[in-house]
Amino acid sequence: MDNFIQVLLAGGIMLAIALVFGIILVICSNVFAIKKDERTEKVENLLAKSNCGGCGKAGCAQFAEALVKGEAKLSDCRATSKENKEKIAEILGGGEIGEETVAVVHCCGGNACYNKYEYQGYGNCASCELIAGGIKACPVGCIGKKTCADVCAYGAIDVGDNGYSVVNKEKCVSCGVCISNCPKGIIERIPKSAKVYIACSNHGKGKDVMELCKNGCIACGICAKNCPEGAITMVNDLPKIDYTKCTGCMTCVAKCPRHCIKEH
């Protein structure tokens with residue numbers, strides 16, 4: 001009987017100690033808890049939830065937290081709609097929304113660009129790039145092996161019969177995943193409202209470009225000379241469009257002898 005009482009007493013003491021430590025833990029957790037700003041969840045719910053990483057954060061939850069703390073800019077997120085960005089700005093009491101953009105591939109070579117060799121390996125641009133800088137004679141020519149299309153979560157990129165990648169601006173959310181995965185670095189963002197874009201990235205001239213590609217820009221400058229708004233300038237032998245001046249008149253598209261300025 002004495003042993004039984006001792007066991008009960010020992011058990012009671014252990015239970016009491018456990019309860020005391022439990023109470024202490026609860027008190028400490030409440031006292032030292034890091035309080036989460038209630039705005040964070042509201043902001044996260046308005047983000048695109050694509051978790052694309054285009055903003056430089058691991059995902060939308062981390063980006064929302066950074067926004068609330070003032071450690072990120074709303075314009076860093078390209079995937080969230082303008083409407084939702086405006087709502088987020090209201091929650092945060094302001095914030096630069098940024099202009100809506102879409103990605104474009106600055107190349108229209110494809111099958112018109114000569115090949116250096118016949119590629120027999122795994123059908124991916126990144127792997128092809130490892131062999132002599134890719135299959136294309138042009139050092140900045142689209143390889144056309146669909147790396148960008150494969151990584152696009154929105155199905156916004158396709159490689160057509162012409163052999164180069166094209167972005168569907170209606171599907172593109174401008175997350176930037178294709179930009180960071182293109183081994184040639186020829187995918188960039190332009191304003192979604194843009195009417196035209198330069199579909200070439202080669203800074204060479206005339207004969208040098210023609211030896212590589214039938215569609216490449218030859219730096220003739222005809223587009224710049226004929227633009228009625230002065231929206232095009234030649235920068236390092238390649239046209240550059242000032243979209244704040246471009247009216248979408250299509251004069252450059254009609255005048256380009258190489259047809260490497262495309263309607264968007």
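These entries record what I looked up in a predicted model of one protein chain.

**Entry 1. Overall form**

I began with the secondary structure and counted ten helices and eight strands in the protein chain. I then looked up the radius of gyration, which is 28 Å, whereas the globule rule gives 18 Å for 264 residues; the chain is therefore more spread out than a compact globule. The C-alpha trace spans about 105 × 50 × 25 Å along its principal axes. Of the 264 residues, 38% are buried. I also examined contacts with a separation of 6 or more: residues 24 or more positions apart account for 56% of them.

**Entry 2. Helix 4**

I next turned to helix 4, which covers residues 82-92. Which of its residues are buried? I found Asn84, Lys85, Ile88 and Ala89 in that class. Viewed down the helix axis, the buried residues fall within an arc of 145 degrees, so they line one face of helix 4. On the face turned away from the buried side I found the exposed residues Glu83 and Glu90. I then asked what covers the buried residues of helix 4. The cover includes helix 2 (39-46) and helix 3 (60-69). After helix 4 comes Gly93, with a positive phi near 75 degrees.

The largest cavity holds about 100 Å³ of space. It is lined by 15 residues, and those closest to its centre are Ser50, Cys52, Cys55, Cys60 and Cys77. I sorted the lining of the largest cavity by class and recorded eight nonpolar, six polar and one charged residues.

Asp237 sits in the loop between strand 6 (232-235) and strand 7 (238-241). Is Asp237 buried or partly exposed? Its relative accessibility is 27%, so I classed Asp237 as partly exposed, since buried means under 20% and exposed over 50%.

I located Met250 in the loop between strand 7 and helix 10 (251-255). At 22% relative accessibility, Met250 likewise counts as partly exposed.

How values were computed:
Residues are numbered from 1 along each chain as its sequence is written. This is a predicted model: local features need pLDDT of at least 70, side-chain atom pairs count only at pLDDT 80 or more; totals for chains, interfaces and linings use all residues. Side-chain values use heavy atoms; hydrogens and water are left out. Buried means under 20% relative accessible area, exposed over 50%, partly exposed in between (1.4 Å probe, protein chains only). Helices (H or I, at least four residues) and strands (E, at least two) are DSSP runs, numbered from the N terminus. The arc is that of the directions from the helix axis to the C-beta atoms. Contact means heavy atoms within 4.5 Å. On a 1 Å grid over the protein atoms alone, a cavity is a set of points where a 1.4 Å probe fits but cannot get out, and a pocket is an open set with protein on both sides within 12 Å along at least five of seven lines; lining residues have an atom within 4 Å of a point. Grid points are joined across faces, edges and corners, and a volume is the space filled by probe spheres set on the points. Ala, Val, Leu, Ile, Met, Phe, Trp, Tyr, Cys and Pro count as nonpolar, Asp, Glu, Lys and Arg as charged, and the others, Gly among them, as polar. The radius of gyration is taken over C-alpha atoms; the globule rule is 2.2 Å times the number of residues to the power 0.38.
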